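Please look through the sequence and the model shown here before reading on.

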Amino acid sequence: MNLHSGARTCPASRALLVQRVREFGWTVTLVARGFAHTADLIAHIGEVDGRKLYLPAAHPSMFSYCVHVLHFSEQAAYKRIRVARMARRLPAIYDALAEGRVHLSGLFLLKAFMTRRNVDELLAA
């Protein structure tokens, strides 16, 4: 389907184009919601971890809780716990995640370098 410079399209093609544009708009909406959900999940994991709420659930660690209750892979659990702990120390991370400015893997890689002094600068880069 040619979308350039006034290409003529039949009504069926135009309808398909309109449908695709709407689907892409919906995709953007879903991705934005996904960013917000990720930030919420990281905040929740941080609270459960910080308050040790996994203990009454009969789990010896947050890692065990994430793997056995939340059904994360070991790697996903480890990454989310580390980012949640970092976000509790550096709350600007929550907004950056929610806005899609940074992703979990990026934060995980930055954990050794991110401090209260440079968090805003690193998140803006």
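## Salt bridges

Asp49 and Arg85 are joined through their side chains by a salt bridge, with N and O 2.6 Å apart, where a salt bridge is a side-chain nitrogen of Lys or Arg within 4 Å of a carboxyl oxygen of Asp or Glu. This pair links distant parts of the chain, since Asp49 belongs to helix α1 (residues 11-50) and Arg85 to helix α3 (residues 74-89), 36 residues apart. Asp49 is buried at a relative accessible area of 11%, whereas Arg85 is partly exposed at 41%; buried means under 20% relative accessible area, exposed over 50%, and partly exposed in between, with a 1.4 Å probe and protein chains only. The model is a predicted one, in which local features need pLDDT of at least 70 and side-chain atom pairs count only at pLDDT 80 or more, while totals for chains, interfaces and linings use all residues. Residues are numbered from 1 along each chain as its sequence is written, and side-chain values use heavy atoms, with hydrogens and water left out.

The count of salt bridges comes to four. One of them joins Arg51 and Glu47, with an N to O distance of 2.9 Å; Arg51 is exposed, at a relative accessible area of 58%, and Glu47 is partly exposed, at 34%. Another is formed by Glu99 and Arg101, whose closest N and O atoms are 2.7 Å apart, and salt bridges that share partners join Glu47, Arg51 and Arg88 into one network. Glu99 counts as exposed at 52% relative accessibility, while Arg101 counts as partly exposed at 43%.

## Overall fold

The protein chain has six helices and zero strands, these elements being DSSP runs numbered from the N terminus (H or I and at least four residues for helices, E and at least two for strands). Of its 125 residues, 27% count as buried. Among contacts with a separation of 6 or more, 50% come from residues 24 or more positions apart, a contact meaning heavy atoms within 4.5 Å.

The chain exposes about 8700 Å², and carbon and sulfur atoms supply 58% of this area, which is computed by the Shrake-Rupley method with a 1.4 Å probe, only the protein chains shown counting as cover for residues.

## Helix α3 and its surroundings

Helix α3 has 16 residues and reaches 23 Å from its first C-alpha to its last, close to the 22 Å expected at 1.5 Å a residue, the expected span being 1.5 Å times one less than the number of residues. Its buried residues include Ala76, Ile81, Val83 and Met86.

Val83 and Gly106 are 23 residues apart in sequence, and their C-alpha atoms are 9.8 Å apart in space. Gly106 is found in helix α5 (residues 104-110) and is buried, with a relative accessible area of 16%.

## Aromatic rings

How many aromatic pairs are counted? The count comes to one aromatic pair. The rings of Tyr78 and Phe108 have centres 5.7 Å apart and planes at 75°, so the pair is edge-to-face; rings of Phe, Tyr and Trp (its six-membered ring) pair if their centres lie within 6.5 Å, and planes under 30 degrees apart count as stacked, over 60 as edge-to-face and the rest as tilted. Tyr78 lies in helix α3 and Phe108 in helix α5, so the pair ties together parts that are 30 residues apart in sequence.

Lys111 lies over the face of Phe108, at 4.4 Å from the ring centre, a charge sitting over a ring if NZ of Lys or CZ of Arg is within 6 Å of the ring centre and within 35 degrees of the ring normal.
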